[in-house]
Amino acid sequence: MSSGSQSTGADLCRLPTAHLGQPAIAWRSALSAFIGFTLCYGHWCRIAKTIQDLAISMTIQGTGWKHDFLLALCATLVVLAINAISGFPTIADLGPDNDSMLRLVEVRDLLAGQGWFDLHQYRMGLTGGFVMHWSRLVDTPIALIILAFQTLGTGTAAAERAAQIIWPLSLYGLTIFVILRASRRFAGADVAMPSLVLATAALFFLGTFSPGTLDHHNVQLLLTAASLWLLMEAPFWRPAALLSGLCAGLTLAVGMETAPYVAALGACAAVLFILDEKERLTARGFGIGFAATASLVLVATISPAEWGVAQCDAFSAFQFVIAALSGLGLAAIAGLPGQSTAGARLVSMSALAVAVAAVAILFFPQCLAAPYAGIDERVRTYWLNDVVEAQPFLSVAVNQPKLMAARYVTPFIAILLISLQLRSRRLRREEALAAVLLVVAFVVSLWQVRGSTFSVAFAVLPLSTWIAGIRLQASAAQSWRISSRIAAAWLVSLNATWAGVAVAAQSVVQKAPAGINSDADHALTCSKASDFSELAAMPATTVLASSNLGSAIVMFTGHRALAGPYHRNVGGNLAMLDAFMGTPDAARAIVEREHVGLVAICRGNSEEMSLAAEAPTGLAARLLKRDVPDWLELVISTADKPVEIYKVR
């Protein structure tokens, strides 16, 4: 489709169909009919019609940022309507999303008066709790939403529910907007419709932006995508490079998972300047934004007493020093005279890279090892090795083919498209930047599946460009071959298509082997507030339960949980393993030592089944067989309930 077309827009909204090929019109008509029926169910028809009318008027005005913002808003409202009609199922049952549960607990603690710099989780782990590695940067907007609704007279539960809906869906809409803008810059043409559909579907099926999702991965995806888009925009909008560095600094501050993408973005800014002296302002702006953000984050989120302490898994002195040195160094080199040749710029940037590496090696050698290199081996064996988001590609491919198909196929196709493009011509600046981030994210996903959240989103750029190109051919010359190509391009570009293919193939061949302790299994039971209602009614004490029940216990009840699925809770998790895998007498000694008052068992929880299989004579195995030691007493009202509770005599 040509860049000057005024009629392209969201297929999720009823927009004019002029200049579209007949297959595209048919496809959009079918989807519009389905969406229209969905939205008109209940009381959403008026809202949908209003948004559609607004979209039509904005489409007529042009294809600027306002147009894309409106399309993103339209897609967000559609997803909101779908969730509202179905009763917000991801809030009613958070499933295995332990991070969102504990994030809400952390926000509650902040609102209840816990110190801004105090990130202790006092109701989990051994006595005194442990310090979480998360950032207050994510707690703050969630807390503000809750406070705003409470100020309006809303009860606490309703205010929290509002935050669980508003926060992730706001991030969802903003991420779609960023992807739309980046897709336009990547393609150099109007690709709004395919970009919107692919982005909306990809992010929806990732589940990262579902209502109730309060963890930090959605924030990181938004900030990383925004940093990429703004770096692409830098030659056309002067503040873009500075804002790109700011977003890169923020995403690093939120969590260290994005360190590879931040490093890639910084390297791109440096290489652009090495290759072209005209990129001087881009390099300088990115460097200043990155260094300034790191400084502000240090002051705003870290206690002055901790400024000299290095934490490898959270923003601290280590991240600040590296960010400040690399950011200011990049800005300084870009501002130096005598950098008129590519050779001189290469020498300067190489010297900066050596200096940054030397500082990291000399002053922070402990942070150069693998992220979980120092974790206790038993915690690694019985917990970390079965965390879904930390699984490598081969494990996912063997144990969870549906997840593999949904997370890896579309990024791989996008990389193939870029590779084929390289055979015919050099990539433009914007294409090269997106290609670098896509490849880095895909490589990270081969190591840990969590990287696929980024690669699936970045894949939208080349995939939407590919579809738009075929649609342009269809508008010029109608034929059944081009129509077939359009249909095929749409199908292979949707990650949901590949997930469906994997499910169908699995049902035909055989059931794939399931991990005995995977987070997907934990979604089956014991993840709703009603499952913990009886436990919540009991006097507060310390509860011995499997690690994947820890977050739910502290969220739905007033108790302390000994174990929790967090790598810093080593003491509490080891105590749980010793108790559940040890003999009843050994378990009793741990229970007395840790002042445990209740033991909770979730029948069907694969973690407990795994521990029972490893230790057939241990406490977990005996309780699953209803062989209760004499120092425990079953609470009769919880028998055969999702969560069975035993009192310590």
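Residues are numbered from 1 along each chain as its sequence is written, and side-chain values use heavy atoms, with hydrogens and water left out.

The confidence of the model comes before its details. Each residue carries a pLDDT, the predictor's confidence on a scale from 0 to 100. The protein chain has an average pLDDT of 86, and 87% of the residues score at least 70. Where pLDDT is low, the predicted coordinates should not be read in detail.

The chain as a whole can now be described. Its secondary structure comes to 29 helices and seven strands. Helices (H or I, at least four residues) and strands (E, at least two) are DSSP runs, numbered from the N terminus. Of the 649 residues in the protein chain, 55% are buried. A residue is called buried under 20% relative accessible area, exposed over 50% and partly exposed in between, using a 1.4 Å probe and protein chains only. The protein chain exposes about 26,500 Å², of which carbon and sulfur atoms supply 67%; such areas come from the Shrake-Rupley method with a 1.4 Å probe, and for residues only the protein chains shown count as cover. Among the contacts with a separation of 6 or more, 70% are between residues 24 or more positions apart.

Ser227 belongs to helix 9, which spans residues 217–233. Ser227 counts as buried because its relative accessibility is 0%. Leaving aside residues up to four places away in sequence, Ser227 touches Ser244, Cys247, Ala248, Leu265 and Phe286. Ala561 is found in strand 4, residues 560–561, and counts as buried because its relative accessibility is 1%. With residues up to four places away again left out, the contacts of Ala561 include Arg123, Met124, Gly125 and Val543. Ala561 and Leu549 are 12 residues apart along the chain, and their C-alpha atoms are separated by 8.2 Å.

Charged side chains form the last topic. Side chains of opposite charge can pair when their charged atoms come close. In a salt bridge, a side-chain nitrogen of Lys or Arg is within 4 Å of a carboxyl oxygen of Asp or Glu. The structure holds 27 salt bridges. In one of them, Arg428 pairs with Glu430, the closest N and O atoms being 3.0 Å apart. Arg428 is partly exposed at 29% relative accessibility, whereas Glu430 is buried at 7%. Glu534 forms a salt bridge with Lys641, with 3.2 Å between the closest N and O atoms. Glu534 lies in helix 24 (residues 533–536) and Lys641 in the loop between strand 6 (632–634) and strand 7 (643–648), so this pair ties together parts that are 107 residues apart in sequence. Glu534, at 26% relative accessible area, is partly exposed, and Lys641, at 38%, is partly exposed. Salt bridges that share partners join Asp68, Arg181, Arg184 and Asp190 into one network.

Note on methods
This is a predicted model: local features need pLDDT of at least 70, side-chain atom pairs count only at pLDDT 80 or more; totals for chains, interfaces and linings use all residues. Contact means heavy atoms within 4.5 Å.
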